[in-house]
Amino acid sequence: MKYKLIYRLLFVILIFTACNKKLDTTPQNSIDASTALLTSSDVQAALIGAYSDLGAADFYGGRAFVGPDLLGNTDEIDWSGTYQGFTQIYNKSIPVDNGFVTDTWLTGYKTINDANNVLAALAVVDPTATQEVEGGAEFIRGSSYFDLVRLYAKAWNDGTPATNPGVPLVLTPTTLTTVTTDAKLVSRNTVAEVYAQVIKDLTDAKAKLPTSNGFYATTYVASAMLARVYLQMGDYTNAVVEANGVINSGEYELTKTYADAFPYVDPPAHIANTSEDVFALQVNNSSGFNGFQEFYSADGRGDITINQAHFDLYEADDDRLNLFYSSGGSDFTGKFDNLYGNVHIIRLAEMYLIRAEGNFRLNTAVGATPLEDINTIRERVLLPDLTTAELSLDAILKERKLELAFEGFTLHDAKRLQMPVANLTWNSPKLIYPIPKREIIVNANLTQNEGY
C-alpha cells in the first residue's frame with residue numbers, strides 16, 4: 001500500500017531528529033514506541049503502519065484466507081504448487097513448523113502490537129482525531145484476533161468456548177522493556193474470552209469511526225465485520241442487525257455485473273474500490289500484496305485450479321460461470337487476475353447473504369425477506385427468481401457458496417455448518433492450525449492444540 005513508504009520515511013525522520021550525536025544514535029530495530037510516538041502525527045502515522053501490516057502478504061494480504069480455502073477444500077480445487085507449506089495445508093497434514101502457519105501467527109501479532117502501540121499513545125493525539133484513531137486501531141485489533149482465533153483454535157460451536165483454549169490476548173504494547181521479561185510469556189485465553197474482546201473492539205470501533213474514511217475502516221466496515229463474527233457464532237439476531245445496517249447505509253451498492261466486482265484491466269493497474277467494496281486492502285504497482293492473485297490466477301503462480309466438482313454446482317445460465325477461463329489445460333477463476341487488484345475483504349454481497357440466512361433461520365424479515373435478498377443476488381447473475389416454495393436454507397447456503405467462492409470462507413463455513421471436509425469431520429483437529437513450534441519453544445505457558 002502507498003502508505004508503507006510514508007510510514008517508513010516518517011520513522012526514519014523520527015530516528016534522525018531524535019539523535020543529535022553519532023554516539024547517541026539508537027539502532028532502528030531498538031526504537032521503542034515510547035520514544036517514537038510523541039506527537040499526534042506520529043500516532044496517526046503509526047495507525048497507517050498498522051493498516052499496512054494488516055494487509056501484509058501472510059495476513060489480510062491474502063494468504064490468511066487462501067490457507068483456509070486449501071484446508072477446507074474437498075474436491076473442488078486442486079493445488080499443484082511447489083510451496084511445501086501450502087501442500088501440507090492442502091493435504092490436511094500440517095507440521096508444527098509449517099512456514100505459512102508460523103508467518104500468519106507472527107504477522108497477526110505484529111499487527112495487534114501496532115494497534116496496541118496506537119491505543120497506548122492516544123493521550124498525544126489531537127482531540128479532534130482521537131476517536132477516529134482509537135476506532136481504527138480497535139478495528140484492526142478486533143479483526144486480527146477474530147481471524148487468529150478461527151485459525152488456531154476450535155470453532156465457536158465445537159465443544160465449550162468458555163473452556164476451549166483460544167489464542168493469547170495481548171492488549172498492551174510489547175515494548176523493549178517487556179520483550180525480555182516474563183510479561184511476554186502469555187498463556188492462551190479461552191475461545192469465549194477472545195470472541196468477547198473481538199466484539200468489544202469492533203463495537204467500540206463502530207461507535208468511534210466516521211461514516212466516510214477513504215479506503216480505511218468506517219463505522220459500516222466495523223458493522224460488517226461484526227456481522228461476520230456474529231454469523232460465525234450462530235448469533236443470527238445480531239448478525240442480521242449489523243448486516244442490515246451496512247446494506248441500508250446508502251454507502252454501497254452491488255456492481256452491475258458479477259465481473260464488475262472484480263475489475264481487471266490490461267495491462268494490469270491499480271483500480272479504486274468498487275461500489276460493492278465495504279473494505280478492501282489497496283494494491284498498486286509499488287506497494288501492497290494480493291495473495292489471491294498470487295495463487296488463484298494463471299497470471300500469477302497459477303497453483304490453484306478449479307475442478308469439475310465446483311462447476312457442477314452452478315445452474316446453466318449463471319453469469320458467474322463466465323468469470324472462469326481455461327489456460328494450459330486447466331481451469332481458473334478470473335476473480336483475481338489483476339496483478340494490482342485490491343484485496344476484497346468484505347463485499348456488500350456478503351451482507352445480503354448474512355441477512356438472508358439470519359432472517360430465514362429466525363423466521364424474520366428485518367430489512368427485507370430472505371427471498372428478496374437471495375433474489376437480489378440471483379438477479380445480478382442473470383438467474384430467475386426463486387419462489388417461496390423453492391426457498392430453503394440449503395438454497396441460501398448454496399448461493400453463499402457460489403457468490404463467495406475462493407474468497408476465504410470455505411473452512412470457516414464448513415465448521416459453523418458442521419459439514420465434513422474430505423474424509424474428516426468438521427471438528428477434526430487436523431482442520432485447526434497448530435500453535436507454531438517456535439512459539440511453544442520460547443514460551444512454556446503456551447499449550448499445543450490437540451493432535452500436534
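Visitor: Where does proline 267 lie?

Guide: In this predicted model, proline 267 sits in the loop between α10 (236-247) and β2 (277-281). Most peptide bonds are trans.

Visitor: What makes the phi of asparagine 363 worth a remark?

Guide: Its value is near 60°, which is positive, and the residue is not a glycine. Most residues other than glycine have a negative phi. Asparagine 363 belongs to the loop between α13 and α14.

Visitor: What makes glutamate 294 and arginine 63 a salt bridge?

Guide: The cut-off is 4 Å between a side-chain nitrogen of Lys or Arg and a carboxyl oxygen of Asp or Glu. The closest N and O atoms of glutamate 294 and arginine 63 are 2.8 Å apart, so the pair qualifies. The partners come from distant parts of the chain, 231 residues apart: glutamate 294 is in helix α11 (residues 291-296) and arginine 63 in helix α4 (residues 63-71).

Visitor: Why are glutamate 294 and arginine 63 called buried?

Guide: Buried means under 20% relative accessible area. Glutamate 294 has 11% and arginine 63 has 15%, so both labels follow from the cut-off.

Visitor: How do you know that glutamate 403 pairs with arginine 320?

Guide: Their N to O distance is 3.1 Å, which is within 4 Å, so the pair is a salt bridge. Glutamate 403 is in helix α15 (residues 393-403), while arginine 320 is in the loop between α12 (308-311) and β4 (324-327); the pair therefore ties together parts 83 residues apart in sequence. Glutamate 403 has a relative accessible area of 0% and arginine 320 has 1%, so both are buried under the 20% cut-off.

Visitor: What other salt bridge does glutamate 403 form with an arginine?

Guide: Glutamate 403 also pairs with arginine 347, the closest N and O atoms being 3.1 Å apart. Arginine 347 is in strand β6 (residues 343-347), so this pair joins parts 56 residues apart in sequence. At 2% relative accessibility, arginine 347 counts as buried. Through shared partners, salt bridges join these residues into one network that includes Glu276, Arg378, Glu399 and Glu407. The search of the whole structure finds 30 salt bridges.

Visitor: What makes helix α14 mostly covered?

Guide: Of the 11 residues of α14 (residues 370-380), 8 are buried. Among them are Leu371, Ile374, Ile377 and Arg380. The buried residues pack against β6, α13 (348-362) and α15. Leucine 382 follows α14 and has a positive phi, near 65°.

Visitor: Which residues have the most contacts inside the largest nonpolar core?

Guide: They are Phe139 and Met351, in a core of 116 residues. Helix α9 (residues 219-233) contributes the most to this core, with 11 residues. Methionine 351 touches residues including Ala224, Ala243, Ile247 and Ile346. A second, separate core has 6 residues, including Tyr258 and Leu383.

Visitor: What lines the largest cavity?

Guide: The lining includes Phe65, Arg150, His344, Glu407 and His412. By class, the lining divides into 4 nonpolar, 3 polar and 3 charged residues. The volume of the largest cavity is about 80 Å³, and the search finds 9 cavities of 30 Å³ or more.

Visitor: Which element gives the most to the lining of the second largest pocket?

Guide: That element is α15, with 6 residues. The second largest pocket holds about 700 Å³ of space. Of its 26 lining residues, those closest to the centre are Glu76, Lys401, Thr410, Asp413 and Met419.

Conventions: Residues numbered from 1 in each chain as written. Predicted model: local features only at pLDDT ≥ 70, side-chain atom pairs only at ≥ 80, totals over all residues. Heavy atoms only, no water. Helix = DSSP H or I, 4+ residues; strand = E, 2+ residues; numbered from the N terminus. Buried < 20%, exposed > 50% of the residue type's maximum accessible area, 1.4 Å probe, protein only. Core = buried A, V, L, I, M, F, W, Y, C linked by side-chain atoms within 4.5 Å. Contact = heavy atoms within 4.5 Å. 1 Å grid on protein atoms, 1.4 Å probe; cavity = no way out; pocket = protein on both sides within 12 Å on 5 of 7 lines; lining within 4 Å. Points joined across faces, edges and corners; volume = space filled by probe spheres on them. Nonpolar A, V, L, I, M, F, W, Y, C, P; charged D, E, K, R; others polar. Lists of a residue's contacts leave out its neighbours within four places in sequence.
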